[in-house]
Every structure is written in C-alpha cells, then in structure tokens.
Amino acid sequence: MRKTLICTGLLLAMCAGSAIAKEVPRIDASSDEAATSSFASMIDALPAAEQAELAVAMLKLNMRGVNSAYDLVGRPDPSIVPIKDDVSGMTAAEIIALAQDANDVKIVDVTAD
C-alpha cells in the first residue's frame with residue numbers, strides 16, 4: 001500500500017511539473033496574421049541576444065535566391081510572411097539552424113571597424 005502511494009505521488013508530481021513547463025513557441029503558418037503573431041510571440045520569449053539571432057535568421061531566409069538589387073524589386077519587406085510555409089511549426093532554434101544552411105546568403109557587419 002505504501003509503495004502504491006509513493007508511486008502515485010511521484011506520478012502526480014511529474015504530471016504537475018510537465019503542466020508547469022513552458023511550451024516552446026512555434027510558428028503558426030495557418031494564415032499571414034497567425035504567422036506574424038506567432039513570430040512576435042517567439043521573439044518576445046527570447047533573451048535579447050537570441051532575438052537578434054532570430055531576426056538575422058529570418059532576414060537570411062527571406063534573402064535566399066537574391067543575387068542583386070534587381071532581384072529585390074517587387075518583393076515584400078522581409079518578414080515572416082514570405083517564408084511562413086518554410087518555417088511552419090518550427091521553433092526559434094530550428095529557424096536559426098535552417099538559416100545557417102542558407103549558404104548562398106552572407107550577412108556582413110558593416111559597423112565593424
């Protein structure tokens with residue numbers, strides 16, 4: 001009987017712990033508005049350094065296939081919307097990893113001395 005109570009107590013503690021654990025934000029690509037909202041929530045959930053890293057990743061993914069300024073004509077401003085289907089259901093870490101694989105896009109820090 002005591003063993004059953006201990007096991008039940010442990011099971012309840014594990015369930016309570018998993019309910020308290022914060023869910024990792026993911027991109028909801030069901031609509032442009034949902035993608036924009038879920039991306040904003042994702043950014044807000046990150047520390048400042050990771051926010052910048054995610055913003056750069058989103059920019060890199062938007063710039064895939066761009067070889068010149070001419071390629072940019074007619075493209076919307078970089079946002080999550082043009083790439084929402086590519087990042088649907090992804091976490092911030094997964095989006096950053098995907099952008100690291102975008103080898104055709106190079107970001108140069110022009111503020112460096």
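1. How do the axes of helix H3 and helix H5 cross, and within what distance do they come? In this predicted model, the axes of H3 (residues 48-62) and H5 (residues 92-100) come within 9 Å and cross at roughly 45°, where axes are lines fitted to C-alpha atoms, for helices over the stretch in contact, and angles run from 0 to 180 degrees between N-to-C directions. H3 and H5 are therefore oblique to each other (angles under 35 degrees count as roughly parallel, over 145 as roughly antiparallel, 65 to 115 as roughly perpendicular and the rest as oblique). Helices (H or I, at least four residues) are DSSP runs, numbered from the N terminus.

2. On the H3 side the contact is made by Glu53, Leu54, Ala57, Lys60 and Leu61, and on the H5 side by Ala92, Ile95, Ile96, Leu98, Ala99 and Gln100, contact meaning heavy atoms within 4.5 Å. By class, this contact of H3 with H5 has 8 nonpolar, 1 polar and 2 charged residues (Ala, Val, Leu, Ile, Met, Phe, Trp, Tyr, Cys and Pro count as nonpolar, Asp, Glu, Lys and Arg as charged, and the others, Gly among them, as polar).

3. Asn62, which is found in helix H3, counts as buried at 9% relative accessibility (buried means under 20% relative accessible area, exposed over 50%, partly exposed in between, with a 1.4 Å probe and protein chains only). A polar atom of the Asn62 side chain lies 2.8 Å from the backbone oxygen of Ser79, and, not counting residues up to four places away in sequence, Asn62 touches Arg75, Pro78, Ser79, Pro82 and Ile83.

4. Arg26 lies in the loop between helix H1 (2-20) and H2 and, at 44% relative accessibility, counts as partly exposed. Although Arg26 and Gly89 are 63 residues apart in sequence, their C-alpha atoms are 5.2 Å apart in space, and the side chain of Arg26 reaches the backbone oxygen of Gly89 at 2.8 Å. Leaving aside neighbours within four places in sequence, Arg26 is in contact with Ser38, Met42, Gly89, Met90, Thr91 and Glu94.

5. Ser38, in helix H2 (residues 32-44), is buried, with a relative accessible area of 10%. The side chain of Ser38 reaches the backbone oxygen of Ala35 at 3.2 Å, while Arg26, Ile27 and Asp28 are touched by Ser38 when residues up to four places away in sequence are not counted.

6. On the basis of these values, residues are numbered from 1 along each chain as its sequence is written. Local features need pLDDT of at least 70, side-chain atom pairs count only at pLDDT 80 or more, totals for chains, interfaces and linings use all residues, and side-chain values use heavy atoms, with hydrogens and water left out.

Terms used:
Helices (H or I, at least four residues) and strands (E, at least two) are DSSP runs, numbered from the N terminus. A polar contact is a pair of N or O atoms within 3.5 Å; within protein, one must be able to donate a hydrogen and the other to accept it, and residues adjacent in sequence count only if both atoms are side-chain atoms.
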